[in-house]
There are 2 protein chains.
Amino acid sequence: MTRQIHLGSVQIGGGAPLVIQSMCNTKTSDAEATLAQIRRLADLGCQVIRVALPSLSAVPGLARICAESPLPVVADIHFDARLALEALSAGAHGIRVNPGNLPDLARVREVAEAAARLDRCVRVGVNMGSLSPSAREKYGLTAEAMVASALEYLRIFEDATCRNLKVSLKSSDLRISIEAARRFHSESDWPLHLGITEAGTPMAGTIKSAIGLGVLLLEGIGDTIRVSLTAPPEAEITAAHRILDALGLRPGRPQLVSCPTCGRTRIDLIPIAEAVETEIDRLMSAGKSIVLRKIAVMGCEVNGPGEASDADLGIAGGNGTGVIFKFGKPVRRCPEAELLPALLEEIRAAAK
Amino acid sequence: MTRQIHLGSVQIGGGAPLVIQSMCNTKTSDAEATLAQIRRLADLGCQVIRVALPSLSAVPGLARICAESPLPVVADIHFDARLALEALSAGAHGIRVNPGNLPDLARVREVAEAAARLDRCVRVGVNMGSLSPSAREKYGLTAEAMVASALEYLRIFEDATCRNLKVSLKSSDLRISIEAARRFHSESDWPLHLGITEAGTPMAGTIKSAIGLGVLLLEGIGDTIRVSLTAPPEAEITAAHRILDALGLRPGRPQLVSCPTCGRTRIDLIPIAEAVETEIDRLMSAGKSIVLRKIAVMGCEVNGPGEASDADLGIAGGNGTGVIFKFGKPVRRCPEAELLPALLEEIRAAAK
């Protein structure tokens, strides 16, 4: 169990539900566009937002964003410790600092003292693409190098009595990201922000992130996640939800189990499964919790009755007809055209 | 290391490259339509195909399919051992039998003897939705029940001296599928066919399969895979490739590493990354092998130079310009409009 920290009003770690993050691709100096994007992301279910702070000229924009954002704002800092100090003064709920891009430890100590004094959150964000030269020289491009960088940097923030720290250890290599997170988790109880960096285009990047995050989350490692996609950030939130859905980690969302189609399928299964998924998405977006553990949409007699009877709600299709199951019991047989409306009605009735 | 078996001309297990499978959704009695789908799937990279054999009336269709298919054909058998015997006589390269749906062990022994005599492949395909009543009663809906079913059935085929056996242990629950495969792998050296059954619609099902298969493949477990999607089988092959790509398990395909866009990005990165991916896909589909380990498409100075210099080929974008890296060295700076053509040219030159 990790320690619990806070980032603005959001609790992270220590058994709190997983927190979903993303990063704006607007210019921080354009507060209007950035706030509009943050609001869209918040509506989609993003809980923490990061914005770049590439120069001092963007600080006034950041101040307005922090004041008006519906989500806690993390300023992403590289190369210049003054940017970190200015971000904290401007009201950033958190900052992200990268050991490889801010190597002057005396300056980092000043940042740590300011963060501690203001009770702000700091992410020590290690990335294989920007390791500190000393870690890279000592350990090469390895998981050890990433963990060593994080622990060295963390010590500075701990010594300054910062209480809201988290760590990320990101590589574009799946195996190294997984190894680094496991190692860190076994050595420290600060919360972990998980992500596979530069994972790629929407489909490829989602799959790579799903595997990397999935391996770790199944082991109980990880407190907050970001899916990094070469795509608008809105796509990152959708992908994050799909990954948590697959792991059964979104409270109030049933698992949807649906047959592949094969030569046995006697009903038109694909549109039924898609319509059920769309309805679940719609209800979740509207803030509902669906009081069903598992919904099964099955096409024939091979696994149909078995899966449907293990589900809270299900259909097993036959030849132009199907049987509706509720909590393990067949409740009625009806023609194919009535299956989907009946399923949707039951799902809506279970949404609170 | 598992034993190596053969399914028609395809080697599975014992260090052979992972084999990708799918299942036709045509009627097996319609040999024409089934063969057309098999040819499309083969063109996409499918290596083994399964077809349903729901009744004896489909046997003539199966015989023609087996004779003309470019891929080894597995007949999917449930409920009636005669179907298995007829499939073997009709020339099926393999059969899939399900312990839950073929519980008469005396009849299974006849099937095993025929398979051994003809040197055909048998998949013992256990599914949580159709467990044998005895396993279900003894162990409940658990991974143990699946493994026990498989081992009991395998013994019959081993006793009949079958040499080409493989096993699948599929649940729609990710955790149970993973646990069952790990347990089986620790107790037996027969090759494993991995899949998450009834995984769902294309996006959700791909993500769920990516996690389940990813966890196991990263542990070195799994010899052949099927991604089960509620979608046409063609989509299963694309998804299988994307999963293997993410794991770096497709020989001849470079990893594509590309930045998420953020407020720092100064070039229009998304279309560049997508065009590079499309070109890699095109070359792979044409049967080429690309002699590059990693290609990096990076948007700014934070991780760009680090990732690009670790790649065999890469760009790190600046303000309307970018630097091209080859094997760790910056080779030239060029305007944004020339970056993509230069990258594509290098990729084509590396495709053999």
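I note that the model is predicted.

The C-alpha trace of chain A spans about 75 × 45 × 30 Å along its principal axes. Of the 352 residues in chain A, 62% are buried.

Next I examined one helix pair in chain A. Helix H7 (residues 174-187) packs against helix H8 (residues 202-218) at an angle of about 25 degrees, and their axes lie 10 Å apart. H7(A) is therefore roughly parallel to H8(A), since angles under 35 degrees count as such. I recorded the crossing of H7(A) and H8(A) as right-handed. On the H7(A) side, the contact is made by Leu174(A), Ser177(A), Ile178(A), Ala181(A) and Arg182(A). H8(A) contributes Lys208(A), Ile211(A), Gly212(A), Val215(A) and Leu216(A). I sorted the residues of this contact into six nonpolar, two polar and two charged.

Finally I turned to the largest nonpolar core, which has 188 residues. The residues with the most contacts inside this core are Ile77, Ile95 and Phe157 of chain A, together with Ile77, Ile95 and Phe157 of chain B. I followed up Phe157(B), leaving aside residues up to four places away in sequence. Phe157(B) touches Val97(B), Val108(B), Val111(B), Ala112(B), Val122(B), Val124(B), Cys162(B) and Leu165(B).

How values were computed
Residues are numbered from 1 along each chain as its sequence is written. Chains are lettered from A and ligands numbered from 1 in the order in which they are written. This is a predicted model: local features need pLDDT of at least 70, side-chain atom pairs count only at pLDDT 80 or more; totals for chains, interfaces and linings use all residues. Side-chain values use heavy atoms; hydrogens and water are left out. A nonpolar core is a set of buried Ala, Val, Leu, Ile, Met, Phe, Trp, Tyr and Cys residues joined through side-chain atoms within 4.5 Å. Buried means under 20% relative accessible area, exposed over 50%, partly exposed in between (1.4 Å probe, protein chains only). Contact means heavy atoms within 4.5 Å. Axes are lines fitted to C-alpha atoms, for helices over the stretch in contact, and angles run from 0 to 180 degrees between N-to-C directions. Helices (H or I, at least four residues) and strands (E, at least two) are DSSP runs, numbered from the N terminus. Angles under 35 degrees count as roughly parallel, over 145 as roughly antiparallel, 65 to 115 as roughly perpendicular and the rest as oblique. A crossing is left-handed if the near helix is turned anticlockwise from the far one by less than a right angle, and right-handed if clockwise. Ala, Val, Leu, Ile, Met, Phe, Trp, Tyr, Cys and Pro count as nonpolar, Asp, Glu, Lys and Arg as charged, and the others, Gly among them, as polar.
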